[in-house]
Amino acid sequence: MKNITTYHFKSLEEIKAHLLSEVPTLYHGSQTSTVVPYERLNAYCETQGIGPLSLGNLGQMPKICELDEENYLNLAGMVTWKEGREYCQTKGRTIMTSPTEELAALLSGIATSCTGERCFGFGTYRDHLVKVKYLDDKGEVKSLFYDALLKDHWAFQSEGQSCTESSRSCRSTESRAG
C-alpha cells in the first residue's frame, strides 16, 4: 500500500515507544474486521487525500491464554477466538459469546462488543469482562474495571471542563469577563 506504512509490533515496549512517537496509527489484530475494509483502505485514502496512514499490526505479539486462580480467563496478545475457545474446552469451560469470524483476535472483540447470535442468551462480550488493561497515549498501563463508571474520565467531558485524574473531579474552565 503506497500511502500506508505498517508497523509490526512484537512487544509492549515497541508499542510504548510507538505511542510516544505520536504517529497516528490504526491498530489491528488480524484484519478480519467487517467494519474496516482493509483491502480498499489505500484506494480510499488516495481518493480522499488522506495520507500518510499508519497501521499497527499486533498479530506478532506474544500470546497469553490462561485461567487464573479464580478461573477467570486472562488474555494477552493475538489470541484468536478459535484458540481461546479450544483452550477453555481443555479446562472444561467455554466462552459464552461468539464473533462473526473465529480467526479474529479475542481482544479485538472488546471494541465491537461481539454481539453474535449467542448474545441473546448469554450477553455480549463486554458483559463477561471483569478487567481490561491497556496502554494509554503515553504508553502507561491503565486498567478499566467492569464496575467503574467512566463518566469522570477526561475523554467524556465536554469543552469548557477539565478533569484531574488523581482527584477524579471536574471543574469548569470557562472564565467570566467582569
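**Figure 1. Overview of the predicted model.** The protein has five helices and nine strands. Read from the N terminus, the order of these elements is β-α-β-α-β-β-β-α-α-α-β-β-β-β. Of the 178 residues in the protein, 24% are buried. The accessible surface amounts to about 12400 Å², and carbon and sulfur atoms account for 52% of this area. Taking contacts between residues at least 6 apart in sequence, 42% join residues at least 24 apart.

**Figure 2. Surroundings of Thr80.** Thr80 sits in the loop that runs between strand 5 (73-76) and helix 3 (81-90). Beyond the neighbours within four places in sequence, Thr80 is in contact with Glu102, Leu103, Ala104, Ala105 and Leu106.

**Figure 3. The salt bridge between Glu13 and Lys16 in helix 1.** The structure holds seven salt bridges, and one of them joins the side chains of Glu13 and Lys16, with an N to O distance of 3.5 Å. Both residues belong to helix 1 (residues 12-21). Glu13 and Lys16 are three residues apart, about one turn of the helix. Glu13 has a relative accessible area of 53% and is therefore exposed, the limit being over 50%. Lys16, with a relative accessible area of 22%, is partly exposed.

Figure 4. Asp136 pairs with Lys142 in a salt bridge whose closest N and O atoms are 4.0 Å apart. Asp136 counts as buried, with a relative accessibility of 15%. A network of salt bridges links Asp136, Glu140 and Lys142. In a further salt bridge, the side chains of Asp137 and Lys138 meet at 3.9 Å, N to O.

**Figure 5. The stacked pair of Tyr7 and Phe9.** The count of aromatic pairs in the structure is two. One of them is formed by Tyr7 and Phe9, with ring centres 6.4 Å apart and an angle of 20° between the planes, and is stacked. Because stacked pairs are those with planes under 30 degrees apart, the angle of 20° places Tyr7 and Phe9 in that class. Tyr7 is partly exposed at 30% relative accessibility, whereas Phe9 is buried at 4%.

**Figure 6. The tilted pair of Phe9 and Tyr27.** Phe9 also forms an aromatic pair with Tyr27, at 6.0 Å centre to centre and with 35° between the planes, and this pair is tilted. Phe9 lies in the loop between strand 1 (4-8) and helix 1, while Tyr27 lies in strand 2 (residues 25-28), so the pair ties together parts that are 18 residues apart in sequence. Tyr27 counts as partly exposed, with 30% relative accessibility. Tyr7, Phe9 and Tyr27 make up one aromatic cluster.

Methods. Residues numbered from 1 in each chain as written. Predicted model: local features only at pLDDT ≥ 70, side-chain atom pairs only at ≥ 80, totals over all residues. Heavy atoms only, no water. Helix = DSSP H or I, 4+ residues; strand = E, 2+ residues; numbered from the N terminus. Contact = heavy atoms within 4.5 Å. Buried < 20%, exposed > 50% of the residue type's maximum accessible area, 1.4 Å probe, protein only. Phe/Tyr/Trp six-rings, centres within 6.5 Å; stacked < 30°, edge-to-face > 60°. Areas by Shrake-Rupley, 256 points an atom, 1.4 Å probe, with all protein chains shown as cover.
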